[in-house]
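Please keep the display in view while reading.

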Amino acid sequence: MRLLNLFKIAFKAIVLNKMRTLLTMLGIIIGVASVIAMLAIGEGSKESIRENISSMGSNIITIRPASASSSGVRASADEMQTLTLKDYEAVKEQATFLSYATPLVTGKGQVINGSNNWPSNIYGVNPDYLKIKVVDLQSGSMFTDSEVKTASKVALIGQTVVDNVFPDGQDPIGQMIRFNNIPFTVIGVLEVKGENTFGQDQDDVVIAPYTTVQKRILAIDYISQIMASAISEDDAPNAVTEVSEIMRIQHQISHPSKDDFSVQSMEELISTFSSTSEMLTLLLVAVASISLLIGGIGIMNIMYVSVKERTKEIGLRMAVGAKGADILMQFLIEAILISVTGGALGVLLGLGSTVFIEKFLNWPTSVALYSIVISFLVCAVTGIFFGWYPARKASALDPITALRYE
Amino acid sequence: MSKAIIKIEDLKREFTMGSETVRALKGISFDIKEGEFVTIMGSSGSGKSTMLNILGCLDQPTSGNYEIDGVKIKDLTKNQLATIRNEKIGFIFQSYNLLARTSAIENVELPLLYNSKVSTEERRKRAIEALQKVGLGERLDHTPSQLSGGQQQRVAIARSLVNNPVMLLADEATGNLDTRTAYEIMSIFQELNEQGITIAFVTHEQDIATFSNRTIVLKDGNIIQDYKNHNIQSAEEQLAKLPKENH
Ligand SMILES: Nc1ncnc2c1ncn2[C@@H]1O[C@H](COP(=O)(O)OP(=O)(O)O)[C@@H](O)[C@H]1O
Ligand SMILES: [Mg+2]
C-alpha cells in the first residue's frame, strides 16, 4: 500500500519533468542499445564462422606431418615426408571412432582443355573423400576403389574449373582434360560450395585418385595428409586422442612432446576462430559498458539536482508525516524508474539497430536473450547504485532545514 | 475541566552559529487545552516560529519537556515524530507550501499518502470533504497557479485538516493576504474551532488576535503576557463591516 503510493509519487515527479527525464534516460538508452547491438554483432559473426566451418564438415579430423618440437631444424609441413600410406592403413584399420578416412596428396598445376587453360589445385584422394567433406556431385559419379587401385586417369572438377576450361557451356562429363600434361577423363562435377571462411574458392579444384596423383603427377610415395571423419561431432575429441595414439605407435614415439604429426579436429579450429571473435565481442561490450556507466552517472547527476531543487518539497512531505525511509524510497524508485524505462527503450533501440545492421549493412547478427536480460538487470542496478546516494541525502534532511531551504 | 492537548515546561531552544549562541526560547511553560483558539503574538524575532516548529515536532527543543495529546516527545525517534506529525498535527505555513503543478485534491491527499491505514477511496473521500469544508468543493482539479493566494491557503488548511489532527498550528497563515482575504481565512479558523478543533495561531497583527479566545505574547524568547480574550470578535461580522470591493 505504502510502496504503491511511493510509486505514484515517483511516477508523478517523472511525468512532471518529461523532457529532463528523457534527456537523462538518453545515456542509459544509448548504453543499453549499444551493448545489445554489439553483442548481436559479436554473436552473429561467431555463429557465421561456426556455420561456415561446419559446412566444410564439422566432424573432420586431419592428420598432418609436424616437426617435433625437440628437433633442431624445422622443415615446413609441405616438405615433410613423414606421413605414409602405412600410417593411413593403420589408422583406417585400428581407429574405432572414425567412420571414413582418406589419404590426401595435393599439387598445383595447369588444367588445359584445348585452347583454354586455368591454374588449379589437384587433390588425390579415395572415394570416401566426398563423404568426409560432405560434397555432392552435380553430375557424373565418383571414381571407384578399383580405379584407385589401378591409378586410373579419371577426375572430378569443381565449378570454377568448369567455368574456365569449358567456357562454351559444354557438358564436361566424358571430356578429356590435361593436368600438367597428364590426360584425365572428367567423370563428375562437384556441387558448388563457394568460398570458405578463409576466402578460398572451394570450387577451384580437381579431384583424382590419390594413386594417380602420387605416381603420375607428383612422383612421390608419401602423402601430405590423412583426412577422416569422426562417427559424430561429439566423438571428435575421442577420435583425436585415439588417432594420436595409433600414430605414436606407428612412428614409435614415446612421448606426445616428440610427436612428428598433428591431429586436429574441425571443432578445435572453430574454437580457435571463435576465441578471436570473442575477444572482439569483449572489446565491443567494454566500450558499450562504458557508455552505460556514463548513463548511470547522468542519472546520479540529475537525481542530485532533483533533490536540491525539491528540498522544500521534501521538507513539506516530512512536515505532513513522510518518514526518512519514505523519502529515500521515493527518490530511489524515481531513479530506478528512469533507468529501467531507459533500459526498456534501449532494448528496443538495440533490437531496432540490430535489424538495421543485418538488413542494410549485411552483417550477420544474432541477438542473445541473455544480453537483453543482463543489460536490463544492469540498468536496475545502475538505478539503485546511482540513485542511492542522492536519495540517502534527501532522506537525511532535517524537516525544518529543508522547509527553510531557498 | 477539559484536557490539555499541549503541555510545555521550561522549553529552551538555542541555536549555535559558529562561536555565537542565539537563545531563541529562554524557558517557556504553558498548556493549551482542548478546544482553545490561541494566538501567539510578538514582534519579529521574538521566537514565535521557533516555538511553533517545536510544537509541530518539526524541530526539537534544546531542553525542557513537551507533551502532545499525552505523548512525551523527548524520547521519540525520527520515525515516531513523523507519525505524530502525520496523525496528530495539521501545520499551515505563511507561504502555503503547496506542491506546484499538482491539483488541489492531490495536495490535500498528501498527508494520507503517508498513512498506510487509509485506502485510496477513503483518501479521496476525505480530501473532497476537507476541500468542501474550506469552500473549495468546486476547485478540486485546480493547480496552485490557477488559484488566488486566499484559495491556496484554503487548500493548505484543507490539507492540514485531512488527517483529523488533534491540533492545528498556523504560522502567520494570513501574513501574505490582504485584510479581506485574511478575515475570510480567519472565519474558517473560527468555524473549525467551533467544531472543536484546537488551534495555535502565530501572528503579529493585533486585529487577528481578537478572533481568538486566548493570547500569548512573546518577547525575546520569553512569555510576557498570557491572557483570556473575553470579547471575541466574529471574523464573519468584521468581514461584513469592511468596505465593499469594486468588482
Ligand atoms: N535556524 C536558525 N539558526 C539560527 N538562528 C535562528 C534560527 N531560527 C531562528 N533563529 C533565531 O531565533 C530567533 C527567533 O526567530 P523566530 O522564531 O523565527 O522569530 P519570529 O518567528 O518570532 O519572527 C531570531 O533571533 C532568529 O534569528
Ligand atoms: Mg516567524
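## Two helices of chain A

In this predicted model, helix α1(A) passes helix α11(A) in a right-handed crossing. Helix α1 covers residues 2–16 of chain A and helix α11 covers residues 324–361 of chain A. Two packed helices are described by the angle between their axes and the distance between the axes. For this pair the angle is about 55°, and the axes are 8 Å apart.

Which residues of α1(A) and α11(A) meet? From α1(A) come Arg2(A), Leu3(A), Leu6(A), Phe7(A), Ile9(A), Ala10(A), Phe11(A), Ala13(A) and Ile14(A). From α11(A) come Asp326(A), Met329(A), Gln330(A), Ile333(A), Glu334(A), Leu337(A) and Ile338(A). By class, this contact of α1(A) with α11(A) contains 12 nonpolar, one polar and three charged residues.

## Domains of chain A

Chain A is divided into two parts: domain 1 consists of 2–52 + 272–404, and domain 2 consists of 83–259. The centres of domain 1 and domain 2 of chain A, taken over C-alpha atoms, are separated by 57 Å.

## The four-stranded sheet of chain B

Chain B contains an open sheet of four strands in the order β2-β1-β4-β5, with antiparallel pairing. Strands β2 and β5 (71–72) of chain B stand at the edges; each has a single partner strand, so one side of each is left without a neighbour in the sheet.

Strand β1 (residues 4–17) and strand β2 (residues 20–33) of chain B are paired in the antiparallel sense over 11 bridges. Within this pairing, Ile8(B) stands opposite Phe30(B) of β2(B), and Arg13(B) stands opposite Leu25(B) of β2(B). The two strands β1(B) and β2(B) form a hairpin with two residues between them. In the turn, Gly18(B) has a positive phi of about 65°.

## The six-stranded sheet of chain B

An open sheet of six strands in chain B has the order β6-β7-β8-β3-β9-β10, and its pairing is mixed. Which strands of chain B form its edges? They are β6 (89–92) and β10 (222–228), each of which pairs on one side only. From one strand to the next, the twist averages 15°.

Parallel pairing occurs between strand β3 (residues 37–41) and strand β8 (residues 198–202) of chain B, over four bridges. Here the bridge partner of Ile40(B) is Val202(B) in β8(B).

## Helices of chain B

Helix α1 (residues 48–55) of chain B lies across β3, β6, β7 (167–171), β8 and β9 (214–219) of chain B. This helix, α1(B), runs at about 155° to β7(B). Helix α5(B) lies across β6 and β7 of chain B, and runs at about 165° to β6(B).

Helix α5 (residues 149–161) also has a helical partner in chain B: its axis and that of helix α3 (residues 104–113) come within 7 Å and cross at roughly 30°. That angle makes α3(B) roughly parallel to α5(B). The crossing of α3(B) and α5(B) is right-handed. The contact joins Ala104(B), Asn107(B), Val108(B) and Pro111(B) of α3(B) to Val155(B), Ala158(B) and Arg159(B) of α5(B). Five nonpolar residues, one polar residue and one charged residue make up the contact of α3(B) with α5(B).

Terms used:
Residues numbered from 1 in each chain as written. Chains lettered and ligands numbered in written order. Predicted model: local features only at pLDDT ≥ 70, side-chain atom pairs only at ≥ 80, totals over all residues. Heavy atoms only, no water. Axes fitted to C-alpha atoms, helices over the stretch in contact; angles between N-to-C directions. Parallel < 35°, antiparallel > 145°, perpendicular 65-115°, else oblique. Left-handed = near helix turned anticlockwise from the far one by under 90°. Contact = heavy atoms within 4.5 Å. Nonpolar A, V, L, I, M, F, W, Y, C, P; charged D, E, K, R; others polar. Domains from an automatic or database assignment. Pairing = 2+ DSSP bridges.
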